[in-house]
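Hi there,

Here is the structure we talked about handing over. Please have it open while you read my notes.

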Amino acid sequence: MQIILSVGTFSNQIKFKPYPPIQILSAPLKPLSRRTTTVVRSMTSAEESDVGILCYISPLPGFRGILKQRYSDFIVNEVDMDGNVVHLTSLEAPPSEVAGEKKEKVSDQLEKDYAPEIESFRTLVGDSDAEKLKIFIDQISSGVKTNDESIVLSPSSDKTHRTAVHNFFKERLKFLVTDTVDGPDSSSKCIRVRLNSGINNNARGNNSRKRKDRGQQQYDSRGTDSWPDNTGKFLRFYLYKENKDTQEALGILGKMIGVQPRSFGFAGTKDKRSVSTQRVTVFKQRASKLAALNDRLFGIKVGNFCYVDEELVLGKLQGNRFTITLRSVSSDAEDIIRASATALGKNGFINYFGLQRFGSSSIPTHLIGAALLRGEWKAAVSMILDPREGEKDVTRTIREYYKESGDIEGTLRQLPRHLVAERSILYCFQKNPGNYLQALLAIPRTLRMMFVHSYQSYLWNHAASMRVQKYGMHQVVLGDLVYCKDQEIEKETKFSNSECEDGNGNDTHDDCHVDELSVIDLSEARNTVVKVISEEDIAAGTYTIDDIVLPLPGSRITYPLNDIGKIYHDIARKDDISLTDGAHNSKEFSFTSITGAYRRVFQKPKDFEWELLKYTDANIPLAETDLDIIAKSCTSTCVGDSNDKEQIKLQNGCSSTSENLDDKIERSAGFEETESVREEDIHREESLGAPKALESQMALKLSFTLPSSCYATMAIRELLKTSTSVAFHKALN
């Protein structure tokens with residue numbers, strides 16, 4: 001049973017000592033190139049001060065609290081472009097599948113006379129191909145079996161003409177499907193025509209025959225399937241996951257329905273150690289097919305199906321709604337906790353890029369980005385491939401094996417598939433040994449650019465800290481940058497899309513050292529309009545501290561016209577990097593070819609709520625997930641004896657052991673056991689041997705919404721005044 005201690009404001013009679021300002025930036029910064037070896041060997045991951053996270057807004061003292069003691073203490077619900085919070089509310093497919101109901105049979109389509117279509121086709125391709133098509137249709141209509149499953153039209157080197165032929169079949173003869181095969185010579189192609197197996201109940205699927213039996217050409221039915229014209233071609237559904245990252249969850253779904261993970265579209269990745277709900281799209285899949293997976297999925301559920309015309313892409317979200325529970329909260333005075341929570345809602349926090357932006361390994365991604373910007377290709381490759389502290393023993397052993405032996409093939413056989421950058425480099429080395437730049441360019445672009453974006457974030461964090469230290473947090477000053485007021489609507493959308501951050505405070509717990517959030521180039525912010533604060537602006541009072549932005553370096557941004565603009569160049573220069581000139585011929589790794597963007601310095605959470613709770617059992621959840629609510633709904637509809645209830649639950653897609661806030665049970669036994677669950681089991685076993693009168697503890701539950709470019713962990717840092725690193729909170733736990 002949870003007990004609400006207090007909600008809301010704090011007493012104005014309490015006085016606190018000002019939190020001392022941090023002046024780390026006044027110390028001289030050494031070039032990253034000279035610091036790399038020391039940094040890599042002396043830490044398991046970047047600390048906040050290493051990446052410019054130095055200051056706080058509130059002068060209130062911090063307090064103790066554990067972040068993510070349970071993964072259900074960190075709940076993330078995506079917010080779509082219309083401002084709607086995404087909640088999983090149904091696990092069922094729509095009552096009637098429109099796409100399935102209106103599916104036509106081939107026999108029905110062939111009852112009509114296609115003579116007009118044949119004559120139109122004759123004017124397009126000539127007599128020979130028209131007669132060939134007529135005979136083919138007659139054979140299909142008569143039901144006569146033939147060895148020819150397809151016909152091949154005359155070769156053509158005119159791509160425009162071939163496109164017109166493809167479109168003719170799509171518009172006039174939808175029961176047939178076309179693709180392109182090689183012609184008799186290298187300059188020509190032929191169009192192959194076959195029966196559309198997607199609408200033939202008796203036809204074999206397009207994957208039923210080996211490719212070698214089809215002349216090495218795989219039929220491409222994308223866009224030519226018998227999908228109803230009045231039904232969106234993309235199935236959109238809500239993905240609910242527990243203790244899994246987005247890519248892992250989609251990989252599981254893809255394997256179960258037979259599509260590649262890249263077939264899924266989504267707006268942003270969500271944290272692994274969390275419970276999250278987000279939108280996903282997939283091309284031409286039936287809702288009933290995915291809904292049927294729910295009984296077999298562990299730690300994943302899908303639902304709220306509908307058909308849409310557009311695929312989801314990265315950045316197509318307004319933000320995320322967070323429900324975060326800090327456990328074992330304690331302070332010298334309870335009023336400090338209340339005051340801090342209220343201050344966070346009122347004043348917000350410094351909008352730093354969180355630690356997860358810089359990776360979770362002993363080699364922060366901004367160090368690799370700095371090497372790329374300097375043109376040090378070999379050094380960058382080494383930082384990606386070399387052994388590192390804090391990794392799982394098996395991965396470290398594989399890295400050491402390659403470093404000692406240079407055996408590319410043997411290393412690739414052992415290297416985990418999620419280490420995409422490492423595998424890409426090694427595959428390139430097989431074909432181009434010693435070509436380090438080519439190896440780096442073999443890494444998927446969104447991934448390799450993440451390293452450069454990380455260095456941009458490193459500079460931005462330092463500039464933000466300097467802005468707070470030098471000019472405070474209460475007013476705009478001459479030379480500050482702000483979004484133009486007449487760009488109010490545009491700036492929110494542009495900025496949200498430009499960074500494609502889902503801001504869910506990712507702290508990765510596996511071997512992957514990349515930041516899944518920073519996967520999109522910042523070029524979409526190029527139309528965002530900013531201005532430099534003048535004396536007239538200050539006198540008019542048009543702009544406030546909330547309007548201030550700072551740039552992420554690039555070729556199309558403006559720097560502040562005060563001391564803060566200078567800090568960018570000073571830090572970059574100490575790292576032997578120029579923000580205005582290219583140091584090498586690879587444009588991709590140069591600020592002269594990167595657009596850049598702008599980011600708010602101060603961020604206030606929206607729809608902010610908080611409450612203090614008391615609990616005695618650490619295994620009891622203190623916040624409801626979407627699945628908990630569905631399970632409650634299922635429970636309320638159950639009637640009859642227990643066996644009947646279980647059957648009704650399962651029919652509704654609910655786990656028979658779903659967790660309820662009032663039940664002192666662990667997460668559903670149907671979910672995959674993880675290391676974190678096993679740790680919680682140990683805690684439970686220890687508590688069983690303890691005295692029955694368990695010590696009462698306090699928790700702080702927070703709910704708020706942030707734009708897609710913000711990090712929830714930075715809001716938590718403002719409260720606790722402690723590090724947000726994984727290692728720190730593991731030690732507390």
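Below is what turned up, starting with the salt bridges.

This is a predicted model, in which local features need pLDDT of at least 70, side-chain atom pairs count only at pLDDT 80 or more, and totals for chains, interfaces and linings use all residues. Residues are numbered from 1 along each chain as its sequence is written, and side-chain values use heavy atoms, with hydrogens and water left out.

The whole structure holds 31 salt bridges (a side-chain nitrogen of Lys or Arg within 4 Å of a carboxyl oxygen of Asp or Glu). In one of them, arginine 279 meets glutamate 78 at 2.8 Å, N to O. Arginine 279 sits in strand 9 and glutamate 78 in strand 3, so this pair ties together parts that are 201 residues apart in sequence. (Strands are DSSP runs of E, at least two residues, and helices runs of H or I, at least four, both numbered from the N terminus.) Both partners are buried, meaning under 20% relative accessible area with a 1.4 Å probe, protein chains only; exposed is over 50%, and partly exposed is in between.

- Aspartate 563 bridges to lysine 470, with the closest N and O atoms 3.2 Å apart. Lysine 470 belongs to helix 16, so the pair ties together parts 93 residues apart in sequence. Aspartate 563 is partly exposed at 41%, and lysine 470 is partly exposed at 44%.
- Lysine 566 bridges to aspartate 570 at 2.9 Å. The two lie four residues apart, about one turn of the helix.

Finally, Glu119, Arg122, Asp127 and Glu131 form a salt-bridge network.

Best wishes
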